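Thanks for coming. I will go through one model today, sheets and their helices to begin with, then the core and a few individual residues.

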Amino acid sequence: MDDAASSAQRLRQVRDLPCPRGLPLIGNLHQLDAPRLHRVLEAWAEELGTPYRFQICGMPVTVWSDAELSQSVMRERPHRYRRYASLEPVLAEIGCNGVFSAEGAAWEPQRRLVTQALSLPHIRAFYPTLQTITARLHDRWQRAAERGDVVEMTDDLKRYTVDVTSALAFGEDPRTLEQERGVIQEHLAQIFPTLMHRVNAPFPYWRYVRLPRDRRTDRALAEVHRTIRGMMARSRERMRDEPSDAPRHLLEAMLALRDAPGSDVTDDIIAANVLTLLLAGEDTTANALAWSLYYLCADEPLQQRLASEARAVLGTHAVCPEYGLVKDLDLFEAVCSETLRLRPVAAIMAFEPVEYVQVGDVALPAGSKMFFLTRGPMLDARHYSLPGRFDPERWLRGHADADARVHDPRAWVQFGAGPRVCPGRHLAAMEMRLVLSTLMNRFTVKLAVDPATIEEITAFAMVPNRMPVRLELRPTVASPRPQTKHSPGRD
Ligand code: HEM
């Protein structure tokens, strides 16, 4: 037997992979409880190893928990792999087929614009606005602390991320941190669970009949798209009335491209990217921050150490006073990395090959469904010592070498990898360090409920069901002072 024939014999086919016991015809469909999807898949991975498959009616979905493999799949895009194909039509139907779901020639120009808009030089130029918005979050928390209110952090943090993304990418600050109700987040919140539900549905029933949840989503989408079109119209007016040599933000760059001769960009593509950025920038960062509070609330000594680092960098300012100083907030960055290791907001990443591939010893025809679970490798003692322990120190330079602990950051792929790596990662890192340093400099935090009641929900991102927190002003800043209209980074 020649080498090719013997290796073909050793290759497993998808049908050879272990599969959890299911039912005739529907397979494992009845076990795929959408809000707990990542937990269900992780439990099967513990039982069956990697890779395994589950069945949605006649369709097999392969599931992998191998960081090295997921990295190589992500790097071999777009020529060998693409995102899960069911995503594109589902996103297109809601007017959101932008840079996240577009493939091939349509993806490249969108990616270029978005990457540029979220690049470090842009974030640096945007820093004064970031300070202003972070100061607004501080003021909101100060009022809550003075009143003794419990703050639902998932809500406040989404207000923050939407204000930031909008101001940076679309040149409009919706100031949702200053409003109580009627904010765009209430509508965006309807969209993720519906997306999750539709991408995994065996049959697109909503194209034939609208259930109450679909009608709720329709209403939310109508409102969100009305807001987006309003933003586009205002941006056009500003471009006409206050022309500038270069686009001032992503929305202007996209509108300019649309008006260029021979352009393929349409208003619908622009609106789809505005919605993509609102969704991509809101939930991930806000929930990563909310998860970090889960750990901080349980660890007063860590809060104390963070407060000292914040005080050393921020001094008496409410917000880090200079862009250049943010990099000194090392321990804060470590807290964010460690939080995402234990609570990966990107818990499932879904791809498929565009041609026949061999992955490990498995043969996969084009179009095979591949889910990568990101938490398994991050909780593997081969990659991190004492993997179940929340230990931000492990991310600090020199620490791993000092006591020869295992620390393999390649197992951490929370921002993806390769050509489609998250273009918002610099902004997310900046937001997380700014928010947490402001919080720890001025407040102590306590969870307002039993931590056992905080549950993980799959809602596209992996989010906590809630994060109610009680804030107390730190004694050094608790002395009564008259409230003045804020200026960013003020004392
Ligand atoms: C903690 C925060 C965040 C996490 C964990 C996260 C995670 C991810 C992941 C895993 C991907 C897929 C990467 C891949 O396929 O290789 C992604 C893509 C993307 N993210 Fe993020 N993200 C975060 C914040 C943001 C922010 C703040 C923005 C923008 C405001 C953003 C915009 C995007 C976009 C536009 C894509 C699609 C890129 C493409 O397909 O070319 N993300 N993100």
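In what order do the strands of the 5-stranded open sheet run, and with what pairing? The order is β1-β2-β8-β5-β3, and the pairing is mixed. Before going on, a note on the source: this is a predicted model, in which local features need pLDDT of at least 70, side-chain atom pairs count only at pLDDT 80 or more, and totals for chains, interfaces and linings use all residues. Residues are numbered from 1 along each chain as its sequence is written, and side-chain values use heavy atoms, with hydrogens and water left out.

Some terms, then. Helices (H or I, at least four residues) and strands (E, at least two) are DSSP runs, numbered from the N terminus. Two strands pair if DSSP finds at least two bridges between them.

Ile348 stands opposite Leu373 in β8.

Two helices lie across this sheet. α2 lies across β1, β5 and β8, at about 135° to β1. α3 lies across β2 (59-64), β3, β5 and β8, and runs at about 130° to β8. Contact, here and below, means heavy atoms within 4.5 Å.

Next, the other open sheet. Its 3 strands come in the order β4-β12-β9, with antiparallel pairing. The edge strands are β4 (150-152) and β9 (443-447), each pairing on one side only. Neighbouring strands are turned by 40° against each other on average, again with direction ignored. β9 is joined to β12 (residues 468-473) by 5 bridges, and the two run antiparallel. Leu447 stands opposite Val469 in β12. Helix α6 (residues 120-147) lies across β4, β9 and β12, at about 85° to β12.

Which residues touch the most other members of the largest nonpolar core? They are Phe54, Trp141, Leu157, Met467 and Leu471, out of 127 residues. A nonpolar core is a set of buried Ala, Val, Leu, Ile, Met, Phe, Trp, Tyr and Cys residues joined through side-chain atoms within 4.5 Å. Buried means under 20% relative accessible area, exposed over 50%, and partly exposed in between, with a 1.4 Å probe and protein chains only. Helix α11 (residues 267-297) supplies the largest share of this core, 17 residues. Apart from that core lies another, of 16 residues, including Val14, Trp64, Phe351 and Val359.

As for Trp141, its contacts beyond four places in sequence are Val151, Met153, Asp156, Leu157, Val435, Leu439, Phe443 and Leu471.

With 39% relative accessibility, Leu120 counts as partly exposed. Beyond four places in sequence, Leu120 is in contact with Tyr323 and His426. Leu120 and His426 are 306 residues apart in sequence, but 6.7 Å apart in space, C-alpha to C-alpha.

Now a helix pair. The axes of α12 (residues 300-314) and α13 (residues 330-342) come within 9 Å and cross at roughly 140°. That makes α12 oblique to α13; angles under 35 degrees count as roughly parallel, over 145 as roughly antiparallel, 65 to 115 as roughly perpendicular, and the rest as oblique. From α12 the contact uses Leu302, Arg305, Leu306, Glu309 and Ala310, and from α13 Asp330, Leu331, Phe332 and Val335.

Phe332 also touches Arg433, as do Val326, Lys327, Leu329 and Glu333. Arg433 lies in helix α16 (residues 425-442) and is buried, at 13% relative accessible area.

Finally, the backbone. The peptide bond from Thr50 to Pro51 is cis, omega near -10°, and Pro51 lies in the loop between α2 (37-48) and β1 (52-56). Another cis bond joins Arg77 and Pro78, with omega about 0°; Pro78 is in the loop between α3 (67-75) and β3 (81-83). Leu25 has a positive phi, near 70°, and at 80% relative accessibility counts as exposed.

Key: Axes fitted to C-alpha atoms, helices over the stretch in contact; angles between N-to-C directions.
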